[in-house]
Every structure is written in structure tokens, then in C-alpha cells.
Amino acid sequence: MSVLLCFYAKRSASSTRISSWLMQPLVLFVFVMTVARGQVRYSVPEEMTKGSLVGNIVQDLGLDVKRLKSGRARIFTEDSREYIGLNVDKGTLLVKERIDREELCAQVSPCSLHFQIILENPMELHRIDVEILDINDHAPVFMKKEITFQISESALSGARYSIDSANDPDVGLNSIQTYKLTPSDHFTVKIPAHLDDTKYVEMILQKPLDRETGKEHKMILTAFDGGNPQKTGTIKINVIVLDANDNAPVFSHSIYKASIPENFPKGSSVLRVSATDKDVGSNGDVTYSFSQSSERLSNLFQIDSSSGDIIVNGQLDFEKSKKYELYVEATDKGGLSDTSKVHIEITDINDNAPIISVISFSNPVAESSAPETVIAMLNVKDLDSGKNGIVKCYIAQNLPFKIKSSSPNFYSLVTDELLDREKVSEYNITITAIDEGSPSFSTNKTLTLKISAASLKCSPSSLTLRTTRITTTT
């Protein structure tokens, strides 16, 4: 166990290492944030060129190049894609693939890559965290280039009209900060209090319209981000003035909420939204639709334009998205509208079996190996959440081995007593991982371990599996 957990005993580094890059006119920096208990944290800007230096693990982890080579140092990620590479000859971490923060993390901040550096002889595990910093590489973009409103001349001051907000994948100050409407003779724009949480802005009528003096009004709405240099996006707004539609639809709730399981049947109704219009005749007829910003979810949800029923239209997956926010518009025949927000929470069901990954396996092992000798290092994970994602790992009790947990999702297979090659020269060790869902899922992986004579030296062989068997049961 002491071999496996040696990364916990690494001393904390007392110095902070700083490297810098010049990207266009901006000077960006890479920081070694912390080195503690075998863990290092770096910060790098997105879009760095391949081969750019991320950090020096020889200095930051207190290792040397000889140790990296003799220990067959390598990177292990729980995901298949490696953005950061290891130069064993120099002990440095380098950018291996193009890193796009928006593609990697969308609006999640901070955005970080997590991986392990594995060494053998003796086995060591070091955690590396690399935070990806945002640069202002996107301008605000409206989904439409132009939008037209038909507004009655009898509309009262204070009437509100929804406009889908611009989209900027950047985060923080580089994201959208404000909007401006020009000219602003009759209308003003209301800037959302929380830009990140709102998918639309509101154009507010501040001066009554008169169809006799102006049948049409043309304006430009501009979205500004906070980057340096600042970037903008625009949309053209046309207002056609109509006669005699005095009332706009009004939703019964400003926010609708629902909670459904991820296996909710396709074609079933989640909830019904409802809006009323005090006008009579065609001006009081209301139709429902998703706002432009919610149309990207049309493969998952659809709305009945007459009843307001929101219906599941595709396969939901809690592991991909835990919640959805839809914006619904109610529009009458006169062109007046109201907008409401629908919050749909997806609950998890146990639909994933545990995954066992063998990240290092020493085979054969000498019969003279002392108890607690590390045979293999395992990574066990379950994509489900909560109780469904909690996994227990064990082996048969009649074997001279045991499973020990070294850190979350990581286990070590160690000897539990002295081995005797003359009695048993080979073991088939079946490792079982079972989650706590109901019904539960389990996965088995079998390792074939040979016992060598005491005079032989153990030759670690990473990922040398003689027999591997995976089964899933419920």
C-alpha cells in the first residue's frame, strides 16, 4: 500500500512557477498553482499552439528525468482524448491537441482538464489539473439577422416584446455585457439582470405609436461583450404598426417547472402552458411556439401550437443533460406576444454498469513478494449519479489477495499473504464492481496472474492481461 499511496506523501512545493505566452496583442500566463500531496495545478489559455509548454513536472513534483524513464512515466485520463502530452526526456507537459475551451466546457467555469501521471517500480500516481483560461475569440451572434414585429397603435406604454438574445460562447468579461437599441425614439431595451441565465431581452414601448404618422419603424439592436478589444453583434428590428389590438396574451405563470425521469416515454406530455388574451375574435386567438433560442431542442421537445402541451420528442439522457430551459411564446393574431420560461429537470435512473479499467498490472509476481505488494492498479467508474453511481469493488475471499481503495475511483490489488509457487503457480483473480442502484448493475474483470520462483525478478508489464472477462448483471 505504501508504494501505491506514495503520491500522498510528496512534499508541497514552496515556489510558484510562471511561464508566459504572447498571443496576438495579449500577454497570457501559465501558472503552477499548487503542488501538494502529489498534485499539481496549472493554468493555460485556450487555443495555444501544439507543442507549447504547460509545465515542468520534474521541478514541480520533485522528480528527475531518470525516475520518469525508469518508471515508464505516462499519462492516464479517464476519457479517451488526450489534450496534454508528456515529454519523458525533458520532464515537461506539452499541448498535444488544440484546446477550445468552449468546445470542452461550454459555459461551465472554471474549465479544467484532469489526468494522472503513472510511474512504476515503485508504482506512483500523481494528479495533474490544468485550468483552461478563456480568451475573447468569439463575437456576440444573433440567431437571426432580422426580426419583424407587428404592433398595434393602441399598445400601451410599457408593453414588452421579447427578442432572442445574442449568443457568445466566451465566459466572464469576454461574454455579453450589455445591449444598445438605436434609434430609441419609441422603444428602449431592458438589459437582463443576469445575462448568463437569460435567453432573451425585452424591447419596451416607451412612447405610444401612431400609425397615421409612422407605419413602420426600423432599429438596430447591438450586443457588446466585455473583451479587449470589444466585439459586437447586431440584429435589424422592423416594427410594423397595426390598428386596434388592445391586449397582449398573458401567461398564467412566468415560470413553469416539471421533473421527469430520463426514461420518460416519447410522445408523452410533460406539462401544459396557458396564456389568455382579453381581446375578442381573431385578436384573442393565441398560438404557442418555442422561441428561436429553444428551437435547438426541437429534437427532444415539441409544443402543440393550439393546446400549449409540451411533449417529449426524443430520447432523454441524464448523463448528457440534467435540466432543460425552454422559452415559450404566446402570440395573438394582432402580433402581440408574451414569453414564459419552462424549467424541466431530468432525474437519473440506473442505466449504466460500472466500468473497470486496468491502468497497471505486474505479471508474473515472485513468490517471495511481501504482503501488501501491489499487483495491479485499477480505475473504476459509473456514469450514473447519486446512489446509482456509487460503486463497491471486491474479489473472492479465498484468494491471497485483497482490494484496497487508494483514492476516489482508484483501487489497488495487493498481496494479502506470502505466496507459494509449489502450491499454486497461477491465479485467476476476478474483480467485481457493483453499483448501489436498484436494480443494481455489476461488472467483472478477470486477471490471470502467474507466480514466479523466488529467484526471478518481477517484471512489471503495463496492462498485460492474460484473460479478461466482463459481465453485466442486474
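How do S6 and strand S7 (residues 92-95) pair, and over how many bridges? They pair in the antiparallel sense, over 4 bridges; strands here are DSSP runs (E, at least two residues), helices are runs of H or I with at least four residues, and both are numbered from the N terminus. Two strands count as paired if DSSP finds at least two bridges between them.

This is a predicted model, in which local features need pLDDT of at least 70, side-chain atom pairs count only at pLDDT 80 or more, and totals for chains, interfaces and linings use all residues. Residues are numbered from 1 along each chain as its sequence is written, and side-chain values use heavy atoms, with hydrogens and water left out.

The chain holds 3 helices and 34 strands. Of its 474 residues, 48% are buried (under 20% relative accessible area, 1.4 Å probe, protein chains only).

S7 belongs to an open antiparallel sheet of 3 strands, in the order S4-S7-S6. S4 and S6 stand at the edges, each with a single partner strand, so one side of each has no neighbour in the sheet.

| Edge strand | Residues |
|---|---|
| Strand S4 | residues 53-56 |
| Strand S6 | residues 84-87 |

Tyr83 lies in the loop between strand S5 (74-76) and S6. Tyr83 is buried, with a relative accessible area of 13%. Beyond four places away in sequence, Tyr83 touches residues including Leu94, Val95, Ile99 and Leu113 (contact means heavy atoms within 4.5 Å). The C-alpha atoms of Tyr83 and Ile99 are separated by 6.8 Å, with the two residues 16 apart along the chain.

How values were computed
Buried < 20%, exposed > 50% of the residue type's maximum accessible area, 1.4 Å probe, protein only.
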